[in-house]
Amino acid sequence: MIFVAVGTHYLPFDRLLRRIALLIETQTIREKVVIQSGTSTFLVPKAKQKPYFDFDQFNNLLRSARIIICHAGPASIYQSLSFGKKPIVVPRLKKYGEHVSDHQLSFTKELAKEGKIYFAASHQKLVNLLQTYRSEPTQPPVKNILAKRLLDHINSLTHG
Amino acid sequence: MKLCLVTSAGGHLYQLWQLSPCWKNNKRFWVSFAKPDVHSLLKKEKVYYAIYPESRHLLNGIRNFFLAIKILAKEKPRIVLSAGAGVAPPFFLAAKLMGIYTIYIEPVDFMVQPSLTGKIVYKLVNLFLVQNPRQLKFFPRASYWGSTL
């Protein structure tokens, strides 16, 4: 199963959904497709599509997907990694009205450089990534040192 | 110690949620938006709803400032904590005026350029945290204590 997630941002991401529709039509994708489509209005034929899933359903989809294709939202990416799946990322771009800035593009490039995600920079690259996808072990989640230090700081304010 | 957790939906909420070790044993309430992931993740939490949309929306920023005064005066938190986005500056400003301690965490995905929220609140908050040492380039007086993700 391929799970596609566009996140909860208020702007739509129809461009990604049109690409998925094309991939299904041209049989680059031949397995079940489930899509979390947010505010996007394009309906992908032959796919199960819902604007949002609740937290548990979303996690179940991440867990059972063979491949995850997502926008460059930190939650989508890190949740995929926490389930051991290296996601294929298509960043939202400001010029298409998909986000308020291009920070997703720079974030994607940085993570791709670190080998944490696959960056589908073009439709052809997306095709290539899908055709050659092999699951790779992902790094274990970073220990939450920040939470501990912040808790210590908050506690120090009580006594301050 | 009562905490006020202010957050936009999506990754901002998710990053603040990852900090649960530092808020789960404290009295708290949230300020966010009526979005599906907020309803799902915060279903057992006390939530006030801010005015939406908030991103780069000056009029709603002003409305949220007056809403912040009302909420903070009623709840009297000791700390206001946020990882953005546009809902944070009005609440930080109100908190500052009311003498409430403020903590901001720059989201992890702004590695190559600073976020607009970060730029607005940098000189306003008591504690400004980045999640990647590279972000110190934009906010030299910030602290890096690790990452939420």
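This is a predicted model: local features need pLDDT of at least 70, side-chain atom pairs count only at pLDDT 80 or more; totals for chains, interfaces and linings use all residues.

Trainee: Which residue forms a salt bridge with B:Arg134?

Mentor: Between chain A and chain B the count is 2 salt bridges. For B:Arg134, the closest N and O atoms of the pair are 2.3 Å apart, and the cut-off is 4 Å. The partner is A:Glu110.

Trainee: Which helix gives the largest share of the side of chain A that touches chain B?

Mentor: The contact takes 30 residues from chain A and 42 residues from chain B. On the chain A side, α3 (74-82), α4 (103-113) and α6 (145-159) each supply at least two residues. The largest share, 10 residues, comes from α6(A).

Trainee: How much area is buried between chain A and chain B?

Mentor: The size of an interface is often given as the accessible area lost when the parts come together. Here carbon and sulfur atoms give 68% of that area. The area buried between chain A and chain B is about 3,300 Å².

Trainee: Which strands stand at the edges of the sheet in chain A?

Mentor: In chain A, 6 strands form an open sheet with parallel pairing, in the order β3-β2-β1-β4-β5-β6. Each edge strand has a single partner strand, so one side of each is left without a neighbour in the sheet. The edge strands of chain A are β3 (48-50) and β6 (118-119).

How values were computed
Residues are numbered from 1 along each chain as its sequence is written. Chains are lettered from A and ligands numbered from 1 in the order in which they are written. Side-chain values use heavy atoms; hydrogens and water are left out. Contact means heavy atoms within 4.5 Å. Buried area is the accessible area (1.4 Å probe) that two parts lose on being put together, summed over both. A salt bridge is a side-chain nitrogen of Lys or Arg within 4 Å of a carboxyl oxygen of Asp or Glu. Helices (H or I, at least four residues) and strands (E, at least two) are DSSP runs, numbered from the N terminus. Two strands pair if DSSP finds at least two bridges between them.
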